[in-house]
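Me: Please take me through this structure. I want each label set against its definition.

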Amino acid sequence: MITTSRSACGSAWGWLLAGAAVSALAGPAAAQEPRHGGTAIIHMPSEQRILNPALRASTGVYNITGKIMEPLIDKSYDGPVGVLATDWSSTEDGLHITVKLREGVNWHDGEPFTCDDVAFSAMELWKPLLNYSSTLQQYLESVDCTDPHTAVFNYSQPMPLDLFVAAMPDLGHPVPKHLYEGTDIMRNEHNTAPVGTGPFKFVEYKRGQYVIAERNDDYWRGKEYPYLDRIVWRFIPDKSAAAAAIEAGEIHESGFNGVSMADIERFSKMDGFDVGTQGYENNVAHSTVEFNHRNPILADLKVRQAIYHGLDIDYAIKTIMRGYAKPGRGPIPSAGGANYTDDVTTYAYDPELAKKMLDEAGYPEGPDGIRFKLRHRPAPWGEYTQLWAEYFAQAMKEIGIEVEILTNDAPGFLNGVYRDHDFDTANGWHQFRSDPAVSTMVWLRSGSPAGTPWSNQFGWQSDEMDRMIDEAQAELDPDQRAADYHAIQKLAMEEIPVIFAIEHPFISVTSQKLHNHHNTPRWNSSSWYDLWLEK
Amino acid sequence: MTPGPGGATVRAWPPSGTPDMQLTQVLSYALRRLLQAVPVVILIMVGTFLLLKLAPGDTVDALVGDMGGADAAYIARLRAEYGLDQPVWVQLGRYMAKLIQFDFGWSFVYEQPVAAILWERLGTTLMLMGTSLSLAFSIGVGLGAIAARRAYSLTDNAISTLGLIFYATPSFFLSLMMILLFSVKLGWLPVSGLSDVAAFYTGWDHVLDVALHLIMPTAALSLIYLSFYLRLMRASVLEVADLDFVRTARAKGAGETRLMIHHIMRNALLPVVTLLGLQFSTVLGGSVVVETIFALPGLGQLAYQSVIQRDMNMLMGIIFLCAIIVVIVNFLTDLLYARLDSRIALK
């Protein structure tokens, strides 16, 4: 077996707001001796009803369950690190991936963790039941246990090891086979009372109020860990009330933009709080502008280019994201590491040029100064998307395009855009998940059936793009794979099927009483075994 | 005098019948009202079901939105599992068949039986709304009566202005300002939630802890409700105080206190009780805003979330509960009318 494992992780986010991004690692507190004990209280803006990361791939689920259930591999600032896996390798043809599992690990109920758990989870949950994983693992044929701590994943089509490793932190949480086998997996009681191997054991989930987890005294990293006695996640839906709770010291951390931008800015100027984007390098999203190419006006490349030229991205970053963002460079964000390139066509803000291009495309201004009208659906994903929609309408008005905003709630938006295609333009959110093959290429690849959210429902189809995506997906050589994705990005920036306008990580507000926080690129999803609380 | 909402009618004075006859009367009246309520509730349920189906998207869309996406096969599988791939009539039939056996079904959003969640939330909402409404009713009635007796005086102006201010203040603003003052600045009261989770209080400490957490939401809600009762009571007392029977009572030498309590208040309370009945009917709806801001796990928040999540079974469960409460409260209001004004008889 030939080892082709490789560590790939770019994590230099040098564009954080100076002064706002305070690293906990750099503070004077780093010299303090970690304290055992204490309860960390974490804000959750919305309730997570299912607490099983092997059934629901979502950051909200990881934020809680990441402390209770662990993945095979996690991500650190130095690249992938084994958690329940210790080593991984692939055969040259990419059809078999061998994962060595950690020995001496027990589930919270005392049963040992073995390869059987991994094989069961992969075949019964990851492949058929887990969102996004079902695409990733569609060619997974079987998982063999050559010994209790060696799992061999057998694929019918080559699986790039890079892709496998990049996906594992999110899509590689084993469940205990002995509690799931022979049950209705979707209805299993442990989906809301998880049993894992992590540093914290599940205690109670009080719906509408909180989840509690307590210290696992039998944690495999040793008696030293974890430092905290307990973690409590409190559900506070109102952002202003959450900000008040943080200020009053009732909450220690609020992640994923859990409070409003105005409050985030306020906290960044207050003593006692760390505010910034550190720890979200792996949780990056794009604010998008999506076109319905079924509309002949928007099918014209020149019009799409003009619209791009009409958007003052820097202004939007400054006013909407308060500087915690940067301009997008196509479908893959800079968090994409080796697969990212900024060597692409860009469209600088130039309203005069935009107007000229629209004239040339055959859409002159009418007597009322309007060239054409667009019906726009904004996604209701919170502050960024709402304001970005308003800015889009405003900016378009300046170049003579009237945008009518059709406000809708989440199901209304997802149906209107991705199923009924009842829109001209839309703006939403593209969430990058470690590797472009996981949830990014579906934005460009044709063939997704109507009703698949966050996929190419734009009526845009390019044989060249489809071919390039399929080739990149099956490419095993990491360098060639990166080159393939660079080419895809370039083409996407030339054709602009979608504008991946702004790339932004999330922002957290953390009490400085917490130490060792936001020290990995997906910190809110990680296990927090080394997190400790000052008295 | 206005007839009661549920069919109580004004009958000729004096009332007739022995206490025994009255009891049978009340019971047969109750039975008739119950039978009348059945088609009403069924109509409500069918109507609501169809209305909710008109909203774009279903619970799978909402779930997938929450998750941050899923592939087509996953979505189709989920929809089939929840029975959402069936025609609306089939879904309605299935739901009604279950409801007849008082089975509220399963919430796909919470992955729990609807009844269990409703039961859990009912307590919080009843506690919050019950306390707020009682406070608002008693203080509002008291202040309203005082204001009316000293109409157009400084006291009246002060009370009326305060009532107007609370009436005009949006509940979210009042709540947030209270949090800012009492929690953030003064640090006297907890910001939100039902209890201090990390403290693990038991017994009386727990009761005290919950009471502390409920002070601000209760105050915010009662202050807003209070103004309704205050204004209504004031107007009602002023109206009744001018009626002939009050003048007669005064001429017969009744003291001001007796006049107020026995003659004026009792009659002036009728419209206020109507309002109380109306508001009690909406009690189960809770207060979405106050529950959301104070992160209280009540039915109001649940109903709101269920709309966003298109959690049909949960919503239908809440609406069913509300319909039942409305029927019961209407019935009780009618009984209360008959007690307050003997000219009203149960028919």
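Reply: Start with a definition: helices (H or I, at least four residues) and strands (E, at least two) are DSSP runs, numbered from the N terminus. Arg322(A) sits in the loop between helix H10 (313-319) and strand E14 (326-327) of chain A. This is a predicted model, where local features need pLDDT of at least 70, side-chain atom pairs count only at pLDDT 80 or more, and totals for chains, interfaces and linings use all residues. Residues are numbered from 1 along each chain as its sequence is written, and chains are lettered from A and ligands numbered from 1 in the order in which they are written.

Me: How do you know that the peptide bond from Tyr225(A) to Pro226(A) is cis?

Reply: Omega is near -10°. Pro226(A) lies in the loop between strand E9 (210-215) and strand E10 (230-235) of chain A.

Me: What pLDDT does chain A average, and where does pLDDT stay under 50?

Reply: pLDDT is the predictor's confidence in each residue, from 0 to 100. Chain A averages 90, and 94% of the residues score at least 70. Over residues 1-29 of chain A it stays under 50. The model has 57 contacts there beyond four places in sequence. Two residues are in contact if their C-beta atoms, placed from the backbone, lie within 7 Å.

Me: Why is H6(A) called roughly parallel to H7(B)?

Reply: Helix H6 (residues 239-247) of chain A and H7(B) pack at an angle of about 5°, with axes 10 Å apart. That angle makes H6(A) roughly parallel to H7(B). The classes are: under 35 degrees roughly parallel, over 145 roughly antiparallel, 65 to 115 roughly perpendicular, and the rest oblique. Axes are lines fitted to C-alpha atoms, for helices over the stretch in contact, and angles run from 0 to 180 degrees between N-to-C directions.

Me: Which residues make that contact?

Reply: H6(A) brings Ser240(A), Ala241(A), Ala244(A) and Glu247(A). H7(B) brings Leu176(B), Ile179(B), Leu180(B), Ser183(B) and Val184(B). By class, six are nonpolar, two polar and one charged. Ala, Val, Leu, Ile, Met, Phe, Trp, Tyr, Cys and Pro count as nonpolar, Asp, Glu, Lys and Arg as charged, and the others, Gly among them, as polar.

Me: How many residues does the contact take from chain B and from chain A?

Reply: It takes 45 residues from chain B and 48 residues from chain A. H2(B) gives the largest share of the chain B side, six residues. That side has 26 nonpolar, 10 polar and nine charged residues.

Me: How do you know that helix H4 of chain B reaches close to its expected span?

Reply: Helix H4 (residues 88-100) of chain B has 13 residues. The expected span is 1.5 Å times one less than the number of residues. That gives 18 Å, and the helix reaches 18 Å from its first C-alpha to its last.

Me: What makes up the two domains of chain B?

Reply: Domain 1 is 1-109 + 342-347, and domain 2 is 115-308. Such bounds come from an automatic or database domain assignment. The C-alpha centres of domain 1 of chain B and domain 2 of chain B lie 28 Å apart. Four residues of domain 1 of chain B touch four residues of domain 2 of chain B.
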